[in-house]
Amino acid sequence: MKKIDRETVQRILDAADIVEVVSDFVSLKKRGANYIGLCPFHNERTPSFSVSRAKGICKCFSCGKGGSPVNFIMAHEQMTYYEALRYLAKKYNIEIREHELTDAEKQQATERESLMAVNDFALEHFETNMSSTQDGRDIGLAYFRERGINDLMIKRFRLGYALDKSDALYRAAIAKGYNEQYLIATGLCSRSERGQVYDRFRGRVIYPIFSVSGRVVAFGGRTLRTDKTMAKYVNSPESAIYCKSYELYGLYQAKGSIVKHDKCILVEGYMDVISMHQIGVDNVVASSGTSLTEGQVRLIHRFTQNVTLIYDADPAGIKASLRGIDLLLAEGLNIKVLLLPEGEDPDSFAQSHSLTQVEEYIKQNEVDFIRFKTRILLSDAGGDPIQRSRVITDIVKSIAVIPDAVTRAVYLKECSRMLEIEEKVLALQLDKTIADNLDRQQRQPKPRPEDVPAEQQPAQPVATFQGQPVAPAPTPAPGSVRLRRYELTLMKYIVKYGYVPIAQELNEEGEETGQQVTVIEFIDSELRMDDIVWTDPVCARMMEDAWHIFQEDWPMALATHTAQLQQERAQFIKAGEEDIRLHGRDLSDIQNREKSLIERADRQYQDSLAQFTMRYLEDYFLSAPDDEVRNLSTALASEKYQLSKVHTKYAHVETEYERLRELVERGVLELKYAILDEQIAELNQEARAAAGNRERVNELMTQVFELYQLKSQFAKILGDRIVNPK
């Protein structure tokens, strides 16, 4: 096993665009300088997931999850740090350089990685069978050809064939060194009562099922035999990497188109999806023959608000699927339904029509769910008033699950018009249904957290720093709890501005030496002066890492980037001078333009250098291998709010960067002030314990008095504290 080298890691981090990465999983909309969407880590209907391209991070201000591109992929796809790096390297076509893992690193390999590896092998095995074996070409490939599927779709959906042999996959996998345990755990193989291991998929064409990130998590296999006793379809069982209720067939291939068209078309089967994609309608996914689930609905909601369900003309199948409409409505989605002509399904309809014809048919024939459901249910009710009453109640139940009150009101009005019933009567029934639903929910036993998938668990209350969610600290040492908030403030300045100069170094005579003092040097010097150590272990590790990078990596990185910026500055000036020569009116105009050009070049150079300096350490911490460091850095670097343009249009508002020295100095003083409080409290407690020893009590009270005097000096500087000696 191998580990990615540091240089490759840095190239991956430099290339990864947080907006591009998150957009693969979440539908984002521009809001000010940032982007916002529904959080993929917990169920919500109002977007609270913010993505900042400038900072390179994402953050949910409800549940607190997010981070850099690496952190996001780790959390969303349940990957390890190095798995996430490989994912991003593949996305950005970056060649990975590696070195051998140590024994300790090898032990960190997880069961999930092993299951994924076995599935990856099976995927290639099935593909090779179909393209390189006689049976594969004559049976598997011939089947897809007969169904009208072209080579491009076969490659896009990674279709394959399982040989009609009892253990072909098993033998091939064992020969390659894969563990039998994981072959069985994924469901690729099974063990008989007599202990014999055999392949689950035999003599079947294979449809791989991919997660939204493109990892193969399961397979579906269709038999080509006419034997009625054999199941037509066999699917992978659920495992540590596959839960069918939270996967949609074709979503990996369709997600980009879904976002582009702001619509998801939902069909039933594998071939329906493939055929629709083949003609160019590629925002199509399927529930893979199972009833639509809440998990699948929430998955769709990440990418769009709009869903069109396509049904064939089979009345029994349509009625069985109506429950899916209510699930979609409950998620707050906009639902339309499309019925295909008699005898057609999405597969056959796509195969027999052009892209233009299919798109036009969808546009002309999709209807809102009220019209569809009313028409379907009333067709069976006829003139029977009892049946008609039940239909009305059923439709009102659907309206009742819609979370938005305005949308409910619009649908209620439409329902009243179509059913020719007073809106007031329907409104009373609607209120009763909503009340019954709430009562039913309250009476239902709440599921245990361990029985609910992580992505479906509600957001839990989290610790905060300056109003932002932050990971709880490890068990703190006695007396350190009150100090942590001040340490976090200083660590925030180190993460965001650690290598930014804020002062000039002075010699013993108080004269400037010409050497600049950075934020990290200033804070470290101030704390060392008073023998202050970090009580928070995560902050302590971050400070140690920051110093190591500052001494080892930063000088070279700064020199390289400075040289690049100087070259860009020279090119900018050269291009500007050529423009001045062409357009300068006279000598005075040329001189003024040249002066302005130099000023712009210098300002651009300084701004770029400042941005690089600020981002360097922040980028490292936001994508650090240490989970605690990475999570804390994300919380410290995140900002929930930004000033409205209204406040900055007419007057300059000082930024945190412009006030940096003042803020850092204040942060150091506030930590020292809090430490004095801790020391005074400890001395008072010791004095109470020594009540019978007057000499010791006097000694302790003298120390307390001295500390109060020091506190008074700090309070004058801080300007917002009143010290009352006790």
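I began at D262, which sits in the loop between α11 (251-261) and β14 (264-267). The model is predicted, so I kept to local features with pLDDT of at least 70. Phi of D262 is near 50°, a positive value in a residue other than glycine. I noted this because most residues other than glycine have a negative phi. D262 has a relative accessible area of 34% and is therefore partly exposed.

I then looked up R158, another entry under positive phi: the angle is near 55°, and the residue is not glycine. R158 belongs to the loop between α8 (151-156) and β8 (160-162). Its relative accessibility is 28%, so I put R158 down as partly exposed.

Next entry: the sheet. I traced an open sheet of 5 strands in the order β2-β3-β4-β5-β6, with antiparallel pairing. Its edge strands are β2 and β6 (66-67), each of which pairs on one side only.

I went through the pairs in turn. Strand β2 (residues 29-31) runs antiparallel to β3 and is joined to β3 by 3 bridges. K30 faces Y35 across this pair, standing opposite that residue in β3. β2 and β3 make a hairpin with 2 residues between them, and I found a positive phi of about 65° at G32 in the turn. On to β4 (residues 49-52): I listed 3 bridges between this strand and β3, again antiparallel. Here I36 stands opposite S50 in β4. For β5 (residues 57-60) and β6, I listed 2 bridges in the antiparallel sense. C58 stands opposite G67 in β6.

Which residues of strand β3 (residues 34-37) point one way, and which the other? I noted N34 and I36 on one side and Y35 and G37 on the other, and all are buried. In a regular strand the side chains alternate between the two faces of the sheet.

Salt bridges came next. The count comes to 36. Side chains of opposite charge can pair when their charged atoms come close.

I looked up D589 and R593: they form a salt bridge, with the closest N and O atoms 3.0 Å apart. Both lie in helix α25 (residues 587-622), 4 residues apart, or about one turn of the helix. Are the two partners buried or exposed? D589 has 11% relative accessibility and so counts as buried, the cut-off for buried being under 20%. R593, with a relative accessible area of 28%, is partly exposed.

The side chains of E665 and R661 also meet in a salt bridge, at 2.9 Å from N to O. I placed E665 and R661 in helix α28 (residues 660-689); they are 4 residues apart and therefore separated by about one helical turn. E665 is partly exposed, with a relative accessible area of 29%. R661 is partly exposed, with a relative accessible area of 41%. Elsewhere, I recorded one network in which salt bridges that share partners join D368, R371, E414 and R417. Within this set, the side chains of R371 and D368 meet at 3.4 Å, N to O. R371 has 37% relative accessibility and so counts as partly exposed.

Last entry: surface charge. I found a negative surface patch formed by E577, E578, D579 and E594. Where does the largest share of the negative patch come from? Helix α24 (residues 554-583) supplies that share, 3 residues. E578 is found in helix α24. With 39% relative accessibility, E578 counts as partly exposed.

Technical notes
Residues numbered from 1 in each chain as written. Predicted model: local features only at pLDDT ≥ 70, side-chain atom pairs only at ≥ 80, totals over all residues. Heavy atoms only, no water. Patch = residues over 30% accessible without salt bridge, like charges linked within 9 Å, V, L, I, M, F, W, Y side chains within 5 Å. Areas by Shrake-Rupley, 256 points an atom, 1.4 Å probe, with all protein chains shown as cover. Salt bridge = Lys/Arg side-chain N within 4 Å of Asp/Glu carboxyl O. Lys, Arg positive; Asp, Glu negative; His and termini not counted. Charge placed at Lys NZ, Arg CZ, Asp CG, Glu CD. Buried < 20%, exposed > 50% of the residue type's maximum accessible area, 1.4 Å probe, protein only. Pairing = 2+ DSSP bridges.
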